[in-house]
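Visitor: Please take me through one part of this model in close detail. I would like the local geometry first, and then its surroundings.

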Amino acid sequence: MPRFAVTIAYIKEHIAALLQTHQTFKRIAFRRRTLEEELQEAVLRGSLRKAFGGLDLLLLGLGIVIGSGWAQLTGSAAQQYAGPAIVISYLVAGLTALLSGTCYAELCTEYPVSGGAFSYVLVTFGELPAFITLSGLVLEYALGMAAVARGFSDYLATLIGADPTSPPFEFAVSQDKGHGFDIVAAVIIMVMSVLLSLGVRESAWFISGVTLVKLVLLLIVCVASYTQGSTDNMNPFTNTVWDADGIFMGSSIIFFSFTGYDAIGNAAEEVQNVAHLPWAIMGTVLTSTTIYLMLALGLALMICPTIACPALFFMPILGTKACSDLGLVAGCTDPPCTCPTIAPTPAAAPAAPSPDAAPTNCYLAVNFISAFLAHGMVWMQYIVSLAALFGIVTALTVGLFSLSRIVMAASRDWLLPPFLARISPRTQTPLVAQMVFGVIIALLAMLVEVDAATSLVSFGTLITLWMVCNAQLFRRYTPEVQMRFTRYGTVEVAAKIDTGSRVPGRLLSQRVRSILVWLHLALINAVTIGMASYYADTSYVDTTPFGEPVNWDENACNPAAQNKHHSPYATLFVLGWFLVTLSFQLCCPMEYQPEGFHIPWWLMPWLPSVAIALLVFSVGSLPRTEYWKIAIYFGIVVLLYLLFSLPMSYIKHSRADRADAEELKVVELACVNGHWQPARTGPGYVTGAMHPATSAHSSAGTHKDSLPHPPGNGSSDIACGSGSADAKGSGRSGSGRHGANGRRTRIRGAQAAQQQHVRHQPLPTTREAGEQAPS
Ligand SMILES: NC(=[NH2+])NCCC[C@H](N)C(=O)O
């Protein structure tokens with residue numbers, strides 16, 4: 001059939017599906033996928049190359065997490081909000097990352113498919129929540145890459161002694177730095193996209209090498225800062241105006257520095273041994289937290305805390321008179337310009353300070369470079385710039401790598417255009433997705449303002465991690481997850497868990513237990529959202545689009561009055577959260593425990609519950625000015641789902657059903673040497689179809705054009721279990737009940753659709769249209 005006719009037929013089919021939105025929404029939007037469906041998609045699409053060993057994964061994680069956020073945000077968060085307590089801000093953010101990372105690690109071991117958070121939410125809460133998670137991921141990665149790339153030109157200019165505000169580093173559209181077009185940022189993204197297209201093995205070597213050099217440079221930065229620092233600078237420890245609030249506001253800003261560790265989960269289909277995934281995640285979060293704490297401490301020791309006085313920050317915005325009318329200067333312990341250990345950089349050198357002019361002239365952006373300059377260590381600016389440049393390069397490479405895998409996973413499910421799921425037989429990577437998103441991100445990087453991007457990136461990350469923690473909690477407690485296919489290919493009936501049999505809730509019926517789980521999950525979230533919004537409402541985080549505080553009154557200038565608003569009710573919320581989590585533990589027996597890496601039963605449900613609270617709290621501490629942008633973004637996302645992805649998903653599954661009606665294909669897969677392989681014998685194996693893809697193709701042409709043929713001999717090559725370890729005979733096999741090798745699972749082509757999905761009304765469409773995917 002000619003391509004043109006196929007397209008017309010498809011459009012007709014799409015419109016027909018659109019007209020049935022009210023019905024399809026009910027059936028599909030919250031339909032969950034199973035592990036076998038996800039595996040099936042991965043297997044049918046052909047394999048990605050197994051390029052990553054354990055150390056590669058760790059360096060991949062450190063490659064993206066330690067980008068340039070440390071260099072750009074530590075100083076400004078300390079200066080504006082936290083003061084020397086920025087160290088505590090890093091601890092809070094690190095703890096948030098660690099707890100959510102543990103939940104992430106559990107799910108990523110259980111579902112070792114590309115797509116990360118998107119896939120976990122898809123198998124737990126269904127398609128629409130997964131689509132929202134996907135959009136959070138795209139927000140995180142696309143804007144994250146753009147923001148990181150924007151820093152590239154600045155550091156490059158510093159390194160070669162050029163002016164970062166003039167061409168070619170920036171083509172200004174306004175006076176302010178960061179508002180122009182940044183061609184260099186776009187170019188570096190395209191270069192990294194091309195590098196990735198050379199192949200995943202080569203990219204992995206590149207990422208590992210550059211990351212190691214970066215870590216050495218960061219150690220030099222730490223040591224140099226300790227030689228210059230003084231403990232006098234740690235007093236007063238918190239910012240005199242924001243106090244404890246400043247710590248949380250600081251931590252929500254610098255959370256950006258921890259974003260990206262989920263990239264490890266997105267490499268799940270390319271790892272040699274799935275069992276390495278969780279340790280690489282934990283290792284990445286712990287190593288980066290340690291390095292960030294060391295760096296933050298170095299900076300805090302080097303800068304005088306009065307530089308963190310908000311007078312310095314607001315003075316240029318509000319003007320000297322307005323500030324002193326508000327009593328801001330009174331909030332500072334020293335007159336700003338008498339601070340002994342820091343002097344303005346040459347570029348910002350003020351005239352001899354007069355009492356009136358001093359505050360405005362003294363405004364100085366605090367960062368590692370300005371701090372080292374102030375201490376006369378001019379050469380350190382090159383080390384800092386080089387470390388940041390290397391950080392940017394690795395963060396970009398890993399980010400582009402991960403985004404293409406996320407997009408590939410969503411396209412396999414037809415939630416994004418299916419052609420994006422194609423895997424290049426040459427490189428064994430999703431080349432199309434890589435190049436398409438390379439171009440999109442390059443354009444974003446050229447246009448987007450850095451300041452606008454970082455909060456949105458943190459928001460995207462926090463939302464996806466919040467979804468993941470909810471999914472982890474839900475899966476461990478919900479009774480329906482009792483019977484399932486494990487990654488060992490066996491049907492697992494709920495593992496016997498001591499704690500489950502002790503809690504009073506075990507006596508309740510399955511239905512009541514299920515309702516209780518939903519109820520508790522909703523309550524945990526409601527209480528923490530209440531706590532976060534109450535806390536945010538009673539602190540001075542609101543700023544107008546111009547950066548001025550909105551509810552700015554005399555109290556803001558009076559440190560003593562600052563925190564009085566919080567205490568009584570904030571405590572009530574914390575108590576509420578504690579009681580709800582305790583009630584969860586008592587009413588809901590844990591229903592199963594995965595065999596691989598998992599959170600131990602005695603930390604459940606506390607660990608994910610604390611993680612949820614911290615994540616929601618961090619969202620609440622983000623500047624309110626970002627909220628409307630986020631609301632518009634998610635509004636567009638839901639619209640896109642209704643107009644594009646929902647009809648696409650419907651069409652895909654109705655095709656699967658039709659194919660199923662004609663010919664039922666059951667292909668058995670066996671876990672061999674750590675990878676799923678089509679079994680050569682066994683029930684349901686279709687003679688002559690040596691690969692599941694072959695059977696799907698023969699099945700009335702289903703997926704015909706949308707599925708790239710698997711490369712080479714068609715070996716299905718997705719990892720299962722702690723397979724490699726077993727394959728090598730190390731004997732590690734979960735509880736000892738199941739070995740990875742020789743275990744089997746059934747990948748049931750279209751049959752899965754029949755069993756798992758509600759049947760669809762037949763669509764008024766041509767048979768041919770049903771056989772071709774739009775591409
Ligand atoms: N996918 C992402 N979140 N990418 C951005 C990573 C930013 C990185 N954590 C940094 O500090 O520079």
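Guide: Start with tryptophan 414. This is a predicted model, and here tryptophan 414 has 1% relative accessibility. The cut-off for buried is under 20%, so tryptophan 414 counts as buried. Its backbone also deserves a look. Phi of tryptophan 414 is near 65°, a positive value in a residue other than glycine.

Tryptophan 414 sits in the loop between H18 and H19. Now take those two helices. H18 covers residues 380-412, and H19 covers residues 431-447. Their axes come within 9 Å and cross at roughly 120°. H18 and H19 are therefore oblique to each other. The crossing of H18 past H19 is right-handed.

Which residues make the contact? H18 supplies Leu400, Leu403, Ser404, Arg405 and Val407. H19 answers with Ala433, Gln434, Phe437, Gly438 and Ile441. By class, the contact of H18 with H19 holds 6 nonpolar residues, 3 polar and 1 charged.

Step back to the whole chain. Its secondary structure comes to 30 helices and 6 strands. The chain has 775 residues, and 61% of them count as buried; tryptophan 414 is one of the buried residues. Take the contacts between residues at least 6 apart in sequence: 84% of these join residues at least 24 apart. The chain exposes about 27800 Å², with carbon and sulfur atoms supplying 67% of that area.

One more loop has a backbone feature to check. Proline 605 lies between helix H24 (567-587) and helix H25 (606-621). The peptide bond from methionine 604 to proline 605 is cis, with omega near -5°.

Note on methods:
Residues numbered from 1 in each chain as written. Predicted model: local features only at pLDDT ≥ 70, side-chain atom pairs only at ≥ 80, totals over all residues. Heavy atoms only, no water. Axes fitted to C-alpha atoms, helices over the stretch in contact; angles between N-to-C directions. Helix = DSSP H or I, 4+ residues; strand = E, 2+ residues; numbered from the N terminus. Parallel < 35°, antiparallel > 145°, perpendicular 65-115°, else oblique. Left-handed = near helix turned anticlockwise from the far one by under 90°. Contact = heavy atoms within 4.5 Å. Nonpolar A, V, L, I, M, F, W, Y, C, P; charged D, E, K, R; others polar. Buried < 20%, exposed > 50% of the residue type's maximum accessible area, 1.4 Å probe, protein only. Areas by Shrake-Rupley, 256 points an atom, 1.4 Å probe, with all protein chains shown as cover.
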